[in-house]
Amino acid sequence: MQALTRLLVRQSQESVAPVGVRLFGSVVPAVDSNPLQRFSSPFPTSIDHSSLLGSLPETQVTTLPNGLRVATESVPFSETATVGLYIAGGSRFETDATNGTANFLEHMLFKGTKVRLAGLSTGPPVTASKPTAERNGQHYAASVLGKDAAKVVSLLGDIMSNASLDEATIAAEKKVIIRQMERLSNDSTQLMQDHLHATAFQYSPLGRTVMGPKANVEGMTKEGLMDYMKTNFRGPRMVATEALGAIADEDPSSSIAHMIRADPARFTGSYVHDRFPDATKCHMTVGFKGASWTDADSIPLMVVANILGKL
């Protein structure tokens, strides 16, 4: 260290190019004089992306007569297309009796339709993202070459409108989901999230789990699944990249606004804990009341959450 200090003093006295010192002690040229370090400066710089963002077409949103919103975005330099379908039909729109239905449907909808058999390829190569069922909704998406986008739209439309939901597949999927529930019961992270929602949103829809209770899964029927789809899979509750076939208009009694007004989510500040005498680790999570999706602060809050999550 003394030798390094003497070297720095001598370099300063000789008025040569400044140097930088890494933590492990080696002397390297400063950022300004080292082309290999021009991208790792410790000093933040402001970068203007307006020219890049300004060259991209704006997202176009069209509302069809049945209420389905279609959002399209063109990326000129891309040769692929991603088609997505988002449905406001998650566990927050369920009741105690139907809790777990959205998650069960997520398992069932890719098991085949009345026209297409599960696992039988009859079209272009498709990269399907994992379908997800969450508290606020469900998401289904697939990526293909741009020229095949219309075929994927037809495929998603067929899945939404003509899912087979046969009894044998339902019985098999019950066992799959129950095994998942048993596995997740040992997942501390998942347990924390479920406990957090249950205590933060007591006696309100967001407090329910996505998978639902075991008894609901065991009692799932084809009629129950079809009723859930008729109630939730409607135009005004869906956002897609293209029109997805003939989907019935919204029933006012099952609209998003009506269901939220009838059974709103209420945040409750509270505390809950579980004790596991044999556990060697302590897991904890903290939640705060945030803003709704329509609030102007929702995007800034998501940015803050990502920053805090990376500390």
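**Legends to the close-up views**

**View 1. T199 is in contact (heavy atoms within 4.5 Å) with T268, S270, Y271 and V272, leaving aside its neighbours within four places in sequence.** The model is a predicted one: local features need pLDDT of at least 70 and side-chain atom pairs pLDDT 80 or more, whereas totals for chains, interfaces and linings use all residues. Residues are numbered from 1 along each chain as its sequence is written, and side-chain values use heavy atoms, with hydrogens and water left out. T199 belongs to helix α6; helices (H or I, at least four residues) and strands (E, at least two) are DSSP runs numbered from the N terminus. T199 counts as buried because its relative accessibility is 13%, where buried means under 20% relative accessible area, exposed over 50% and partly exposed in between (1.4 Å probe, protein chains only).

**View 2. Helix α6 spans residues 188-200.** From its first C-alpha to its last, this 13-residue helix reaches 18 Å. That is close to the expected 18 Å, taken as 1.5 Å times one less than the number of residues. The buried residues of α6 are M192, D194, H197, T199 and A200.

**View 3. E173 and K111 form a salt bridge.** A salt bridge is a side-chain nitrogen of Lys or Arg within 4 Å of a carboxyl oxygen of Asp or Glu, and in this pair the closest N and O atoms are 3.6 Å apart. E173 is buried, at 7% relative accessibility, while K111 is partly exposed, with a relative accessible area of 36%. The count of salt bridges comes to five.

**View 4. K147, D148 and K151 are linked in a network of salt bridges.** D148 pairs with K147, the closest N and O atoms being 3.4 Å apart. D148 also pairs with K151, and here the closest N and O atoms are 3.8 Å apart. The relative accessible area of D148 is 5%, so this residue is buried. K147, in contrast, counts as exposed at 67% relative accessibility.

**View 5. W293, I299, M302, V303 and I307 make a nonpolar surface patch of about 540 Å².** Patches join residues that have over 30% relative accessible area and no salt bridge, like charges within 9 Å and nonpolar side chains (Val, Leu, Ile, Met, Phe, Trp, Tyr) within 5 Å. Areas come from the Shrake-Rupley method with a 1.4 Å probe; for residues, only the protein chains shown count as cover. One of the patch residues, I299, lies in helix α10 (residues 298-309). I299 counts as exposed because its relative accessibility is 52%.

**Setting of the views. The chain has ten helices and nine strands.** Of its 311 residues, 31% count as buried. Among contacts in the chain with a separation of 6 or more, 71% are accounted for by residues 24 or more positions apart. The accessible surface of the chain comes to about 20400 Å², and 59% of this surface belongs to carbon and sulfur atoms.
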